[in-house]
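Hi,

Here is the structure I promised to pass on to you. Have a look at it first, and then read my notes below.

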Amino acid sequence: MKEHVIRETSRRPASGNRMVHINDAAFNAARRFPSNAIHTAKYTLLTFLPRNLFEQFRRVANIYFLIISVLTCMKFSPKNPTSLIVTFFIVLTFTAAKEAYEDYLRHLSDKEVNARQVSILTSSFESSATRKDTTLFYSKCIRWDEVKVGDMLYLEKDREVPADCLLLTSSDTQCGVCSIDTANLDGETNLKTVFAVQNGLSARELGSLQGRVEFEAPNPSLVAFRGSLYISNAPILLTYVVGMKLGLSRRRLSQMLYRGTVVRHTKWAIALVLYTGHETKAFLNTSKPPYKSSAVMNVMNRCLYFVFFLQAMLCVINATAMLLWESKYTLPYLNEATDKTTPPPLSDGVEAYFTFVVAYSNLIPISLYVGIEIMKLVQKFLIEADLEMVAANGVGTKSRTSNLVEELGQVEYIFSDKTGTLTCNEMVFLACAIPSLGKAFRFDAYVSQPRDRAAIVRSPSGHLPLPFASSPAWESLYATPPSAALVDFWLCLALCHTVVPETDADSPDELMGISFQASSPDEGAIVAAARNMGFVFKCRTVSTITLFNNLTRTDETYTILNVLEFSSDRRCMSILVRTPSGAIRLFAKGADTAILSRLRAADAGDLTWTWNQLRDFGEEGLRTLCIAVRDIDEVQYAAWHARFQQVSLKMPADADDDHAALVAAVHRDMETDLELLGVTAIEDKLQHGVPEAIDLLLRAGIRIWVLTGDKEETAINIGRACNLLQQESTMMVHRLSKCTTEDDLYEYIWELLELRGKISKKEVLVIDGDALSLAMLPSMQAAFLELALRCSACICCRVSPKQKAQVVRLVRDNLPVITLAIGDGANDVNMIQTAHLGIGISGHEGTQAVRASDYSIAQFRFLSRLLLVHGAWGYHRISKFILYYFYKNMLVVFTEYWFAWASGLSGQIFFPDMLSLGYNALFTSYPCVAGYGFDQHVSAAMALKYPKLYQAGQGRDSFNEKLFLSHMALAIFHSALCYFVPQALLADASAVARDGRVAGQWATSVAAFTCAILVVTIRMLVKVQTINRIVAAVSVGSVVLYLIVIVALCTPKLSVVLQPQITNVFFLLLSLPRFYLALSGVVATSFLVDMAYRYVQKQYFPAPMDILSEMASIQPANDQPTRIQPFNPPST
C-alpha cells in the first residue's frame, strides 16, 4: 500500500541532496552534473610515460637498479654503462609494454561502452525523432556518453541500462512492473522486480510532465535509496499529487534501475536519469581486490634483503682491503706517490666501494621479476587448460590472478561453505511437518515423477496436473473440512518470499508453465511446492500478490502492506498482507531458533514433537525452516506502522548511526506472538565426487572447517556423508553450542583442554553462531583456537557471513599457515577475500563469489586436483626457479670476486661487458623458464595416489632460508671451479697457441665464462625431473646461441665495435688443448659432486618423493599425461 504524505514543496533541496527538474534541460545543465562517459583506463598518451615510470619506481628493486645504472656512468665504473642500462631499459620497456597493452584494452572497452546506443524521449518536431508504440511518444537514439541527468530513457527488452534511473512507467500499464537482471551489478542471477512510481505514470503525458526529484547524494549502497518526487502541472495526475510527496521506500531496488542491469520480460520501460558516469552505483561499488602476496615471495624478499646485506659486506671488505693494498704496495708507474707512509685518502675507499657495487650488481638479478612473472603465467595457462577440471557443462577452471599459484601448493586449512559448495544447491522440497495435526508428510515418491503423469484433480481451466496430487499431504489438505493450520501453512509458502514469476510465453494461462526466479534455490523450491499443492503464485505488483487457490478454484489477491526482508541478524523474513476478506495477517518463515523463540505462549509450551521432527530432518541432511502466522487487528497495525514509518523513512541528515538496528528492532516488535504452522524440509544433495575429494585432502594433511548457516544436525549429517566425520564409534563430538554464557564456554573449553592425551577417539568440534560470538571475544580466542586445532575437524553452523570471515581471520592471523576459503554465494565473499587463497564455485547463487575469488572451479571435487597436482607442481616449480636464478647469478658474481683478490682489488671486471649482458638476457634465463615451467616433480597420478606428498609444500621443503644458503654455498663452490681451474691451466705463459700467441687474461675470462654457462645449464637439467622436447631444445639452443655470440664477438670486424678486448680470443682457445681440459674438468667435477650429494641424500636421508620414485620405477603406475586444451590464438 502506497502512502501519500502532505509536505511543504520547498524549491531548495536538503543539505547534501540533489535536485533534478523533469523536462527542464536548461535547469539541469546549470547544475553541472558529470558526464555519462566512463573512463577506466589508467593512462593517456600524455600521462603514460610519467605515470608508468612512477608506478614502476615504486618498487624498491627498480630504484636499486636505477642507482646502479647511474653509478655505471661514473668514471670509476668498471663496467661499460651500456650493458646494464640496456638490460634495465629492456626490463622497464617490457613492463611498460605489458601495462600499455592492458590499458589499450581498457581504452577499447571504454570506447565500446560509451558508443552504445539508447533511446531518449524527445519532442515530435525533432527531425531524428521516431514514434514509439504508435501514438504514445517520440524518441531518438543517442550514445551512452551523451546521456545527461534529467533525460527520460526509453529502455527496450534485453537492453542494458546506461545510468542510474528512476522508473516512471513501463509497458505494464496496470502496475508499472519491470523485471530486471542484476547479475552485472551484484552477481545474483535471479530476476528482480522494479515498480514504477505510483504504479506507473502516463506514458502519453511524460513529454509535458512538470515536476522535480529531490534525492540523496551519490553513495555506493545498493539496498537503499531516499528521495522525493514532486509533480505539478500534469493534467492526468493533477487531481492526485498536487503538493504531495510520493515516498520512495527503502525496498531493495524497488523503484530504481541501476546502470548495468538489464531489462527482462518487459517490452519497454521509461526512466528518469538521476546519476551518470562515475557517480552511478556500479562505479561507486568497484574497488580493487585486497592485495595478496604469497609466502614464497615473502621468503624471497627476505632472501633479497640478505643479498643486499651480503653485497654491502663484500663491497666494504673489498674497499677496505683495497686501501690496505694501496698503502702497502705502491705502483710507481700508476701513482706518483712521494710519501709511502701517508695512507690513501678516504675518498678512494668510497670510490672503491661504489666500484665494487657496480661490479657485483648481478647479485640481485635484474630480470628475476620478469622471469617469475613468465613462470606464473605459464602455470596459469596450464591450470586453465587442464581438461580434467572441466565440468560436464563445459565450465572449466579460471585463474583470476597469477600471483598466488605457488600458494596452492602450501594450503593447510580449508574453510568451506556447505550449500552450493559441498552440495548441489538444487533444492527439492522433500517433506513437511504440521504440529497441529501431529503429522509429517513426505514427497519422495512425487518429486521425481514426470509432469504428464495421471492426476486426480485438475484446475477448471484444464491445467496440467499438479504434481503432489494424490499424496498424503494432498489428501489431508483437501479433506472436508480442511485444516485451517494446513491451509495457512501452504498459503504462507505461496506468499512469504521475494520470488518473481515468469509465465511461459507459449502457454500464458498454464499454471505448471510458470517458472520462478528466486534469490535462492530454497525459495524457488518452497514456492514450487506450494504451486504443486494448489496454491499457485501468479503475479506480483508493488502492492499486491495474486495467486490461484485450488481449494476455492479462484484467483485471490492479497494486498501487500509491508515486507520485512530477511536479515542474517533476525534469521527470518515476514510479509504483512490484507487478505481478500479484509483481515491483516503476518506470515513468517525462518530458522528454527528464530521462529520458535517468538511463539505465543499457547504454542511455546510443549515443542517436543516439533524438535523431534527438526532433529530427524537434520539427521537426514535436510535443510529446515519453520513457518508461522499472526493475526493482527487494525489498531495494532496502525500503531506499529507509525513507528515503522518514523524509523525507516528517515532522510540521511536525520539518520542515526544505529539506524539499521532501530529498523531491526521495529521488525522484531511485529514478529512476536507467532502461531507455529509447520516445518519444511528441503533436500540438497552432495555434489558428485565430494567424499572422495575430502578424503584426499584430509590424507594430504589439510584440515577442513565447514562454515554454514544450516542447523547443527544438518551440518553434522553432511559432514558424515562427505567423509569429513567418521562413525560415532571412532569419533567424539564436542558441542560448544550448548554453552550460552562466556563463563560456561570458558569452563567447558578448559575441561576439554585438560583431557588432552586422555581421549583415544578423534575429536570434532561443533559450534553455532551464538556460541561462536562468545568464542570470538578477545578473552576467549586463544582457548577456542587451541581446542579447535586439537580437533580433526570443525563445523560452525548457524553462522553469518561476518562470522565466517572472523573464523578465517582468527586462524590466518594466529598461525603460520596458508588458509583457503571456498564458497559459491554472496555470503561467502567476506571469507574468500579474508583467506590467503579464495576459491569461487561457479554455481547457482550468482557470480559474486567467483568475481571476488583468486581461482574459480565448477565443482568442489576439482579442488583436490587443483591443490594436490597443480598446486604442488606450481610450488615446486616456482621454488626451484627462484633458487636456481639466485644460484646462477651468484656463480658469476663470485667468479668475479675471486678475480678481484687476484688483481689487487683494482675493481677491474673479469668478464667482458657483452657476455655479462647476455648472461641473463640470452644464455641462462630461457632454459630455466622452459625447464622449471613444465617440470613435474611427481606425476599427476602419483600425486593423487599418494596425497601425503603434498605435505612437502606445507613444510616449505622446496624453498626456505636454509635451502637458499645451501644454494649460495654451492654457487661459491662452482664459481671457484670456474675461476681457479681455467686460471691454473691457461693464465701462465706455457699456454701458447700454434701461431705463438699466449692465452692472456681475457682468454682465461672467456674460458671461465664458457665453463659457467655449461655448469649452470647442466645443473638445471640435473634438477629438472621431467625433460621433454621443449626443455631439451631450449637448453641446447641456449648453448648454441652462446657459441654463436662468442664467435661473433671474437670476429675482428664486430669485436672492434662491440668488445675489442676479446678479438680472436675464442679462436685462440679452440686451438688450446688445455681449454678443453679445463672445460671438461670443471663440468665433470661439478656434475659428479652434484651426483654424489644426491646419491648420499637418497640412500641415507631419503625424502618421501625419493621413496615414491623408486617404487614407481619398480612398479610403474598407469599414468596418463595431463590432457590440456590446445592453444588457439585469438583471431585478429
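The lining of the second largest pocket divides into 17 nonpolar, ten polar and nine charged residues. For these classes, Ala, Val, Leu, Ile, Met, Phe, Trp, Tyr, Cys and Pro count as nonpolar, Asp, Glu, Lys and Arg as charged, and the others, Gly among them, as polar. This is a predicted model, in which local features need pLDDT of at least 70 and side-chain atom pairs count only at pLDDT 80 or more, while totals for chains, interfaces and linings use all residues. Residues are numbered from 1 along each chain as its sequence is written, and side-chain values use heavy atoms, with hydrogens and water left out.

Back to the pocket: it holds about 1200 Å³ of space. Of the 36 residues that line it, Asp957, Leu963, Lys1023, Arg1094 and Gln1097 are the closest to its centre. Helix α36 (1073-1100) is one of those that supply at least two lining residues, and α36 gives the most, with six. Pockets and cavities are both found on a 1 Å grid over the protein atoms alone: a cavity is a set of points where a 1.4 Å probe fits but cannot get out, a pocket is an open set with protein on both sides within 12 Å along at least five of seven lines, and lining residues have an atom within 4 Å of a point. Grid points are joined across faces, edges and corners, and a volume is the space filled by probe spheres set on the points.

How many cavities of 30 Å³ or more does a search of the whole structure find? There are seven. The second largest cavity has a volume of about 120 Å³, and its lining has three nonpolar, six polar and one charged residues. Among the residues that line this cavity are Lys79, Ser83, Asn362 and Asn920. Helices α4 (81-114) and α28 (913-933) each supply at least two residues of that lining.

Helix α4 also contains Asp110. This residue is buried (under 20% relative accessible area; exposed is over 50%, partly exposed in between, with a 1.4 Å probe and protein chains only). Asp110 has no salt bridge, and the nearest side chain of opposite charge, Arg106, is 7.0 Å away. A salt bridge is a side-chain nitrogen of Lys or Arg within 4 Å of a carboxyl oxygen of Asp or Glu; Lys and Arg count as positive and Asp and Glu as negative, with His and the chain ends not counted. Leaving aside neighbours within four places in sequence, Asp110 is in contact (heavy atoms within 4.5 Å) with Ile38, His39, Thr40 and Ala41.

Next, look at Ser119 in strand β3 (residues 117-122). Ser119 counts as buried because its relative accessibility is 5%. Its C-alpha atom is 5.9 Å from that of Ser139, 20 residues apart along the chain.

Two loop residues deserve a look too. Most residues other than glycine have a negative phi. Asp158, in the loop between β6 (152-156) and β7 (164-170), has a positive phi of about 65°. Asn1064, in the loop between α34 (1052-1058) and α35 (1065-1070), has a positive phi of about 60°.

Finally, the chain overall: it has 37 helices and 35 strands, where helices (H or I, at least four residues) and strands (E, at least two) are DSSP runs numbered from the N terminus. Buried residues make up 54% of its 1132 residues.

Best wishes
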